[in-house]
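Work through the exercises below with the sequence and the structure at hand. Each task is followed by a solution in steps.

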Amino acid sequence: MKLNKLDKNLLNTISDIDHIPAGAINIRKDGKPVLRQSSPNILITTGETGGLIVEIKPGTKNETVHVPVIITKTGLNDVVYNQFIVGENADVTIVAGCGIHNDSHGKSRHEGLHEIIVKEGAHLRYVEKHYGEGSGTGQKVLYPTTKIIVEKNAYAEIESVQIKGVDDTVRITEAYIHEKAILKVIERLLTHGNQYAESDIKIFIEGKGGSGQILSRSVAKGNSSQIFRAALVGQNECLGHVECDSIIMDKATIKAVPELIAEDSEAVLTHEAAIGKIAGEQLIKLMSLGLTEDEAVDTILESFLK
Amino acid sequence: MLHLENLSFSVQNNGQSKQILKNINLQIERGKLYGVTGPNGSGKTTLAKVIMGILPHTEGHIYLDGEEISGKNITQRANLGIAYAFQQPPRFKGLTVQDLVKIAQPKLKNLSIRKKMRDVGLCPEDYMDRDMGSGLSGGEMKRIEIMQVLARSAKLAIFDEPEAGVDLWTIQRLVDIIVGIYKNNPEAAALIITHNRNILPICDELIVFEEGKIRLQGSQAEIWPLIRDDIVCQVQDTCRGEEII
């Protein structure tokens, strides 16, 4: 396996790893797996479509599996279909994510379809970071789709982060929550320049006592534009909440569309949506503590997206 | 230390100019605690904001240690040693109490932050990592605000109604801390904007505002007897005659 400095930087940015960790890992570079290791409890194999099948044994506790994707070749359109099965009563973290380095003028694109099944009583934290870099004008495009089923009494948290460098992204998340299961979807997004980002989340709360929550924080700078759609469908006695909060700057545009659909009279669904610029009082406060205006803006944005 | 000379501040409203501060002359000396009082809308907070550089004065001069600072912005004035505790501090999503205190005073170590929190009546275990967003009450926000200004070790600290929203026990303790730091301090001075009849008598100097002007100014011994009845009356009006501090 060959990983150069650039690969390592990308990996570090998207998965916080600066060396190959012990435990289960699969690194995909430019459309091909370059490193794969399973652990006694987490088995990584290749599925029929060429993507990954990650099987986490029931009862596995406190393990992390890393499945980062890096793209350094221009003109590549990498499509991958991965499956994750988190066994009954396991408690694990999956760190996915995609980093693109593109120095040229051609487009680099990654389309990842992830299907996750969180079995009864299991606990999953799924983290996906997206990042793009490179000096050329070549577009860095990411189209991730995540489909997740959270079975009875299970808990899942999906955290997706896109802070820098991705020119065009459409993120689709579809979730099904069973009886007394909980799903929390957390999104943090920053767009700048002429970037476009769209997120489309739909959560079906099917089981009695199920709970779904969507929390989105985003910042749009420059001429960038964002569309955020979040739909909660309550099909039983359940709780659901959508919260989208955005800071808008410069000439950016943001469209936020929270949608609540109740198909049962016992469903309790709520939403809050707010878009606004940085409050002048916040800037003044931080400047009165000695920060310059630019430092104050950076502090407010960084903490907002933390 | 701070010298305000013929200072005025006006705003334009429908083409009409309205003076909010009128020809203010004031000399603030180190080692003294100044109480600023007067009716609502008399210009007290505007004065604080003009000193901090938040509002630009329209006439006159501001000198800090002999240097004209009229052209300096908020950040520059903060770095020259002026600090201002807001009457209504803003909230910050994602910033913790600890983060904000570290911005106020980057040199502070965790142990000192914890001590400063206890000083203003906040238990460090409960508050260090609390988000400065919507979860804190007005009184908690106010105490955190005062703590930041105390942490800055400013040359001139301005407290804008520090008692508002803070419980009796804590306000007494806050007053003790402010007095402890600023009274007879050869390096610093504090200006407290307040209506509180327990705070005003412990100040060294009192300044009474009315309609944008300084109506009375002098030592506590001279001024307090003249305004005591007004202050008590005003407080009793707002609390329907019940005894509060």
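Helices (H or I, at least four residues) and strands (E, at least two) are DSSP runs, numbered from the N terminus. This is a predicted model, in which local features need pLDDT of at least 70 and side-chain atom pairs count only at pLDDT 80 or more, while totals for chains, interfaces and linings use all residues. Residues are numbered from 1 along each chain as its sequence is written, and chains are lettered from A and ligands numbered from 1 in the order in which they are written.

**Exercise 1. Helix α1 of chain A**

Task: state which residue follows α1(A) and what its phi is, then find the buried residues of the helix.

Solution. Step one: A:Asp16 comes after α1(A), and its phi is positive, near 55°.
Step two: a residue is buried if 20 or more other C-beta atoms lie within 10 Å of its own, exposed if 12 or fewer, and partly exposed in between, with C-beta atoms placed from the backbone. In α1 (residues 5–15) of chain A, the buried residues are A:Asp7, A:Leu10, A:Leu11, A:Thr13, A:Ile14 and A:Ser15.
Step three: these buried residues line one face of the helix, because they fall within an arc of 165° seen down the axis of α1(A); the arc is that of the directions from the helix axis to the C-beta atoms.
Step four: the cover over them includes β1 (25–29), β5 (61–66), β6 (69–71), β8 (91–101) and β10 (123–133) of chain A.

**Exercise 2. Parallel strands in chain A**

Task: trace the pairing from β11(A) to β13(A) and from β13(A) to β15(A).

Solution. Step one: two strands pair if DSSP finds at least two bridges between them. Strands β11 (residues 140–150) and β13 (residues 168–177) of chain A run parallel and are joined by 8 bridges. A:Ile148 has A:Ala175 of β13(A) as its bridge partner.
Step two: 10 bridges pair β13(A) in the parallel sense with β15 (residues 196–205) of chain A. Here A:Ala175 has A:Ile203 of β15(A) as its bridge partner.

**Exercise 3. An open sheet in chain B**

Task: give the strand order of the open sheet of 4 strands in chain B, and say which strands stand at the edges.

Solution. Step one: the order is β2-β1-β4-β5, with antiparallel pairing.
Step two: β2 (16–28) and β5 (67–68) of chain B each have a single partner strand, so one side of each is left without a neighbour in the sheet.
Step three: β1 (residues 2–13) and β4 (residues 59–64) of chain B pair antiparallel over 5 bridges, and B:Ser8 stands opposite B:Glu59 in β4(B).

**Exercise 4. Cores**

Task: find the residues with the most contacts inside the largest nonpolar core.

Solution. Step one: a nonpolar core is a set of buried Ala, Val, Leu, Ile, Met, Phe, Trp, Tyr and Cys residues joined through C-beta atoms within 7 Å. The largest has 136 residues, and B:Ile158 and B:Ile192 have the most contacts inside it. Helix α6 (residues 138–151) of chain B gives the most to this core, with 6 residues.
Step two: a second, separate core of 12 residues includes A:Val69, A:Ile70, A:Cys98 and A:Ile100.

**Exercise 5. Where the chains meet**

Task: how many residues of chain A are in contact with chain B?

Solution. Step one: two residues are in contact if their C-beta atoms, placed from the backbone, lie within 7 Å. By this rule, 17 residues of chain A are in contact with 19 residues of chain B.
Step two: α2(A) gives the largest share of the chain A side, 6 residues.
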